[in-house]
Amino acid sequence: RHCRHSRSSDYSVRALADDVTLDADERSLPMTSLASLGELADTAPDLKVAMDDDADVDTQLRLQLAAIKRIMNPTAHDISRGVIENPQGVYMRDLNRDYSVLFERQDLICPAFGGGEGGGGDQEGTLIFFDVRDLVIMEVDLVGETFVAEFCIRLARYGDSDAENPGEFSSSPDQIQEWCIKDFGVELDWSLHQSITDFEVLNARIGGAGIKSQIDMQFRGRFKETMELQMFPFDCQAFHIIFEARMLKPGHHIVSFGNAGANAQQILPSYTFYKPCIFIHSRKPRYRVVTVTSVAMRQYSYYVINFYAQLGLLTSGFLLVLTIDHEETADRLGFLVTLVLAAAALQITMNSILPELPYSTMLNEYVFFAFGLQMVAMACAGLAATLGSAFDRVSMLSLGGIWAIYNVHHFWRAYRVISLVKDRLGEKLPSLSVGEKQGGIAAEMKDHDGFDYERHADIAALGKLMKGD
């Protein structure tokens with residue numbers, strides 16, 4: 001049975017979690033007795049109840065409530081006052097739990113721990129729920145090592161007022177910052193931890209229903225990122241959005257919910273994006289560094305077709321020198337030089353799409369090995385006129401075997417990287433082209449006066465056809 005919230009009852013998260021085991025790794029937790037919950041539910045006081053009918057959800061609720069109790073204890077308040085300078089360990093782990101299940105159960109979050117009227121109040125025990133939503137990477141610049149992202153930040157809290165707030169909209173950065181400070185006691189700072197250019201506030205909405213209040217802020221910016229390209233084009237990139245949230249009052253605690261995965265999408269055809277994540281780090285007692293990480297695997301098929309396949313075939317062509325008489329040295333060298341020049345043209349094209357790197361990528365290694373093999377083949381072709389046809393055949397076929405073994409080893413490395421990424425990163429984000437989601441909604445609408453839904457359905461079907469669906 002669900003425990004129902006009664007605003008007349010005097011209880012707190014601490015009382016609610018008194019019987020909850022504090023070991024976060026413990027999976028077998030005792031059921032909470034109604035006798036310890038006071039008037040939380042109109043049920044017999046001796047009945048053992050579950051917080052949720054679903055056993056998995058019930059376990060999550062108990063673990064999250066135990067973590068909230070640890071966050072709300074006096075030691076944690078000492079952290080926000082500055083008594084404890086560098087909080088680590090259990091406190092850090094509790095801040096970074098996903099409290100999305102608990103957040104939906106406002107009956108389990110006492111209004112006394114929501115901060116009361118105005119989240120910037122002095123009352124200790126104020127929980128500020130934090131999440132990043134609607135994350136989309138719009139553009140990636142490999143040469144400039146930057147990316148453009150659009151995302152929404154949501155702050156939410158529970159208070160003790162039932163007043164309805166119909167909602168206010170604004171695109172003014174000053175107004176939005178004022179809302180964050182006044183209603184949530186939080187100030188966002190984008191200037192300390194990452195090089196950011198072209199940053200803009202798109203819009204924001206603040207509102208609430210019942211005892212819950214929240215603000216949604218939409219941002220877009222170009223962020224600096226160090227691209228790790230050793231495995232290019234089979235590389236996996238992590239895109240970081242880093243900023244700071246400052247708690248202006250003691251006793252405030254920012255906890256995450258949703259873990260940045262809500263409504264995240266991918267629109268770039270050159271990458272496969274996976275579910276993002278969020279991490280909150282306590283830099284100082286009231287300073288929280290928030291890092292949002294979106295991970296993507298490059299779509300390597302373009303490079304396999306346009307670089308690997310062409311270079312591989314060109315390099316394999318050195319075996320055709322065996323069709324030219326071993327004494328025709330000039331003709332043989334001319335043929336091999338032509339192959340080298342063609343491979344060099346591909347190398348120049350490849351370098352134009354990569355930044356200046358102090359290391360070699362997998363594609364560079366492949367190109368260098370191909371050049372080296374062709375140089376050795378040219379040397380063997382020159383010696384064949386002196387050492388005879390037997391040397392010519394053995395040397396060229398041996399080089400062909402070395403080339404085949406290198407290709408097997410090179411692409412086996414790539415396969416292992418791709419398999420590891422897919423196994424570790426798990427869920428992919430839905431892939432949508434610009435306007436596809438809205439077009440699909442329009443296509444599903446029924447016929448109304450003045451609305452040609454069949455036209456939208458035809459356009460949606462055409463889009464699927466062009467994608468090969």
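**Close-up views of a predicted model**

View 1. In soluble globular proteins, nonpolar side chains tend to be buried together.

View 2. Asp134 belongs to strand E3, residues 126–141, and its phi is positive, about 55 degrees, although the residue is not a glycine. Glu145 is located in the loop that runs between E3 and strand E4 (146–158).

**View 3. Helix H6 and its two sides.** Helix H6 consists of 12 residues, 173–184; at 1.5 Å a residue it should span 16 Å, and the distance of 16 Å between its end C-alpha atoms therefore agrees with expectation. Its buried residues are Ile176, Trp179, Cys180, Asp183 and Phe184. These residues cover an arc of only 100 degrees around the axis, so they lie on the same side of H6. An α-helix has 3.6 residues a turn, so residues three or four places apart point the same way. Asp174 and Lys182 are exposed on the other side of H6. The helix is followed by Gly185, which has a positive phi near 65 degrees.

**View 4. The cis peptide bond between Phe232 and Pro233.** Phe232 and Pro233 are joined by a cis peptide bond, with omega at about 5 degrees. Pro233 is situated in the loop between strand E8 (212–224) and strand E9 (236–247).

**View 5. Arg286 and Met247.** Arg286 occupies the loop between strand E12 (277–284) and strand E13 (287–298). With 28% relative accessibility, Arg286 counts as partly exposed. Although Arg286 and Met247 are 39 residues apart along the chain, their C-alpha atoms are separated by 5.1 Å.

**View 6. Ala66 in helix H2.** Ala66 is part of helix H2, which covers residues 55–72. Its relative accessible area is 1%, and Ala66 is therefore buried. The C-alpha atoms of Ala66 and Asp94 are 9.3 Å apart in space, while the two residues are 28 residues apart in sequence.

**View 7. Cysteines Cys277 and Cys380.** A search of the whole structure returns 0 disulfides. Cys277 is partly exposed because its relative accessible area is 35%, whereas Cys380 counts as buried because its relative accessibility is 12%. Cys180 is a further cysteine, and is one of the buried residues of H6.

Conventions
Residues numbered from 1 in each chain as written. Predicted model: local features only at pLDDT ≥ 70, side-chain atom pairs only at ≥ 80, totals over all residues. Heavy atoms only, no water. Helix = DSSP H or I, 4+ residues; strand = E, 2+ residues; numbered from the N terminus. Buried < 20%, exposed > 50% of the residue type's maximum accessible area, 1.4 Å probe, protein only. Expected span 1.5 Å × (residues − 1). Arc of directions from axis to C-beta. Disulfide = S-S within 2.5 Å.
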